[in-house]
Each structure stands twice: as C-alpha cells, then as structure tokens.
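Dear colleague,

Please find below the structure that I am handing over to you, together with its sequence.

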Amino acid sequence: MSLVNLGAPPEPENSVVQLHPTDNVAIARVALGAGQEIAAGGKRFRLRQPVPVGHKVAIERIEAGSIVRRYGQTVGRAMRAIEVGEHIHTHNLAFEEPSREYDFPEKELPRPEPSARAPKFLGYQRADGRAGTRNYIAVMAASNCAAHVTDLIARSYEGEALPPNVDGVVAFSYGDGCGHAIGPDTELLQRTISGVLDHPNVSAAILVGLGCEVNRIDYYLGGAAEREGRIGAVTLQEDGGTSGTIEAARRQIGRFIERAAAEQRSEIPASKIILGLNCGGSDSFSGITANPALGYCSDLIAGFGGTAVLAETPEIVGAEHLLVRRARSRAVAEKVLGSIRSYRDYLNLFGESFNDNPSPGNKDGGLSNILEKSLGAVAKGGTSMLADAVDYAERITPGGLVFMNTPGYDPVSLAGLGAGGVNVIAFTSGRGSAIGFPTVPVIKIASNSRTFQRMRCNMDINAGRIGDGEATVETIGREILDMVLRVASGEKTTSERWGHREFVPWRIGPVM
C-alpha cells in the first residue's frame, strides 16, 4: 500500500487527496461546502453535499453494489448508486467482510540480526540480555480486593526523595483477580502479571494480596526473581490489615530501592529497543499521516535489528492479507490468521462482529467501518518483513516486526504489549488520547494539527504537519525514531509527566 506525497498546504485547488491511483474516492483535507469546486482524479467537479474534514467524496460514479476503494483496497460496497461529488460514509457505504485468497510465503526467511550500525541509547542492561528504559519498583495487586492498599503503598512514596536511578514506586491495581473461572481466563491473567513483574523496566516488585483470592500470590513466588531478591509479597490477611500491610511492604521496598539505586544507565545499541505500536481515537488522517510515519520508524528499527510490535487484532481485519504477504514463513502467516479466527469465535459468543470496533469518534473522524480503519492501522507496521506472531502477553522474541494478538481497546492492548516486554510504546491518535502505562513510557503522536493544538499538553509529536504540507512521512518517521531513543534514554513523555498509569488486563471469561 503506497501513499501519495500530500505536497502543498490545502487550498481550494488542493482541498482533497486521492491516496492511490485506483481509488474512486478522495479524502477532504479541510471541511468542504456544498457546491464547492474540487479537483481529483484528473478532473474537476462540484460537491453535492458538505463533506467534513477527513471524510470521503466520490470522484467517480459508483454503481449500487460496486466496490469502494481507498488506499487501492476495498473498504466496502455502495448501498446505492453514488454520484461524483457525493459524500461517502455510513449512510451509503455497506460493510462486507471480504473473503480472500492469501499469498502465502513460499519459503522461510531468517529474522533480522542486530546491526553494528545501530544507534545507541542510555538504558539499563539486564542480566537476561534485555534492556530497560526505566527503573521502577512495581507494586502489583493480586486482585481488586488488594487494589486500594496497593495504591496506598505506592502513594506513600509521593513526596519522598528517591535515588536518581529509581524512576518511582508505581501501583498496578485493576478490577479483577478473583471471581474467575479456573482455566484459560486465570492463565491469561497469570501470564500478563508475570510479564509485568519480569520486565526490563522493573528493577524489583512486590505482590499485594488479600490472601484468599483466585489469583494466589504463591503462583508468582519461588522462582529466580525471589531467589535474586527482586520479588516479594504481602497479604492483608496475614500482615495485619491495611496498616500492617503498608508497613510490611515498605520494609521490603526499602531494600528494593537500595538495590535499584546501584543500577546505572549505560550505552546500549538500539537493536535492544522493543517498540510497541498502538493507535487510539483514530481518525481518517491516522492512516495518512501518523501511522505511515510510525511505520517508517518501525522499518528503521527493524533495519538495525530492533523490534516493533503491531497489536490490536480487530484492527487488522480487512488488511491481514497485506501482513500475510510479508510474513517470514507460512507458519507466521498462519499464526496471524489463527488469531483472527479465534477472535471471531470469541466475538460470536456475544453476537458481535469486527465491524462493532469503530467507535462513534472514529466515525466522526471519517472512518466508515473496520476495513477502512484497519487499512490505516496496519500502516504502523511499515513495510518490512513480518518476523513473528505471538499471543496476548507472550514474551516477545526480538528481531523485526512482530504481531501480537490483543483487543483494539487501548488500555487492554497496552497491558498485553507491556507484559510481552516492550520497553517503549508509540501511540498514534487522531481524535486525541491521554492514556499511559505504569512502567513503559508512551509517546503520543497526533495525526492532525487540530488535535495536536487542542491537546498540546498530551501530545509529543505532530504528524499533522504531513497533512499540512509542511513535512513528509519520512521526516516525521525520523522524528519519531529520534524521540524513541531520547525517551529510552530517560526523557519523559507527556503521559509520564501527567502520571498516567492505566493497567487493564484482558478478561476473557465469565464473572463467577
């Protein structure tokens, strides 16, 4: 999928953009009025209705039942005949999940190797070979029953002077951990929490339980981390209720802080970067500006042997054939398709479909259905080979582009990426977002300048400059890479400065 260079700032003569030569729609770069003359597809015509910014306008007559194309790909079928100059959106564009024949790879290719030419960053080299970009003490609730005291333990360090090499004592509190059916649901929670505790950005961690929950803290103890003095545990029922538990936890955390204070940043090759890719509050420009720019950054990272991780399974549906075509092997391609099949079965349990994913805000921003949203979302993964595919919260094996099976819901997706071991996250948004993660820095990239200006305190990079004609995809892609390296070396993101620490594990089973 290729994109045109948007060129000059939007003027009456340049107010829409045709993204691919075969497209029969163009995208409004500014809000357009009925009767306004525009030029696209080699001809001039007048608009039949107003077209909001980011929305589609027909540049050819499209017969009823015919395919509507954006990015050179199918985004639905016309519900009725659509005339040149008509606004195209949910009122006249039907969703139809395509049935595809896939171009599977014919042979297995090797994964990218670390490059000696990779740039460097200042990080924490861990004993297992991974690299941390932060150095936190994590306080993890075993269940919602321990969530409040978990928060109290972490908050007790607010205002305390910590050593320079300790980024903070942070709480992981959430709404589950008990009332689970024993089986896949509890196993998924255990994998998620285990990944968060054994993370390169976490120097040490303490588990906080009530003492009788389904998610028992014993599961996480007895391993190498406990033997190395990097994990501890307390429970309200055994350590004296709220006050006693706080005191007991602080005694253990005091030892963890002493240990973390001795850990120093050192120069590390950027092949150790594992960059999580996420989008939230997407709009029509996400797939034109921010996501392709992040994809360019992803290709640069993969090129020097680093890792970029594309997530959000519902938001590859309709674009999965593009990933299959780039897979390193047939096995990797089948893992991607298997994730979609299992997710479809999951949705069917509740009578839902993938097209329930686009939010009202996505649609207000010009995205009519999940096909259109997905085709823009996969651009975050660039154009390089898809090296691997993993399940939710599974440990990521480094090297190249990786796909992780996660929901599209931002906090749940970020929890899976974090548990998998990403050490920086790049998050694109068109409508705006303020989310973060407790121990992994999240870089926010706005897809348009309006959102960047409205939410300047929450955004780190303005990819809207591409749509304004002031920058190219390549320029912004390199800006993102530069910021990834600075953030990996300790620079704070806007979400970190605001203290955003959302943590929402994926619950797949019933409440018992």
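Helices α1 and α4 are oblique to each other. Please note from the outset that this is a predicted model. Two packed helices are described by the angle between their axes and the distance between the axes. Here, the axes of α1 (residues 147-155) and α4 (residues 241-261) cross at roughly 50° and come within 10 Å. The crossing in which α1 passes α4 is right-handed.

Which residues of α1 meet α4? They are Val-149, Leu-152 and Ile-153. On the side of α4, these meet Thr-242, Thr-245, Ile-246, Ala-249 and Ile-253. Of the residues in this contact, six are nonpolar and two polar, with no charged residue.

Strand β10 (residues 120-125) is joined to β16 by four bridges, and the two run antiparallel. Within this sheet, Phe-121 is found opposite Ile-268 of β16.

Another open sheet, also with antiparallel pairing, is made of three strands in the order β6-β7-β9. Strands β6 (67-70) and β9 (93-94) are at its edges with a single partner strand each, so one side of each has no neighbour in the sheet. Four bridges connect β6 with β7 (residues 73-78), and these strands run antiparallel. Ile-67 is placed opposite Arg-77 in β7. Helix α9 (residues 370-377) packs on this sheet, where it touches β6 and β7. The direction of α9 makes about 165° with that of β7.

**Aromatic pairs**

How many aromatic pairs does a search of the whole structure find? The search gives 12. One of the aromatic pairs is formed by Phe-172 and Phe-503, in an edge-to-face arrangement. Their rings are 5.0 Å apart, centre to centre, with 85° between the planes. Phe-172 belongs to strand β13 (residues 168-172), whereas Phe-503 lies in the segment after α14 (494-497), so the pair ties together parts that are 331 residues apart in sequence.

With kind regards

Notes. Residues numbered from 1 in each chain as written. Predicted model: local features only at pLDDT ≥ 70, side-chain atom pairs only at ≥ 80, totals over all residues. Heavy atoms only, no water. Pairing = 2+ DSSP bridges. Axes fitted to C-alpha atoms, helices over the stretch in contact; angles between N-to-C directions. Parallel < 35°, antiparallel > 145°, perpendicular 65-115°, else oblique. Left-handed = near helix turned anticlockwise from the far one by under 90°. Contact = heavy atoms within 4.5 Å. Nonpolar A, V, L, I, M, F, W, Y, C, P; charged D, E, K, R; others polar. Phe/Tyr/Trp six-rings, centres within 6.5 Å; stacked < 30°, edge-to-face > 60°.
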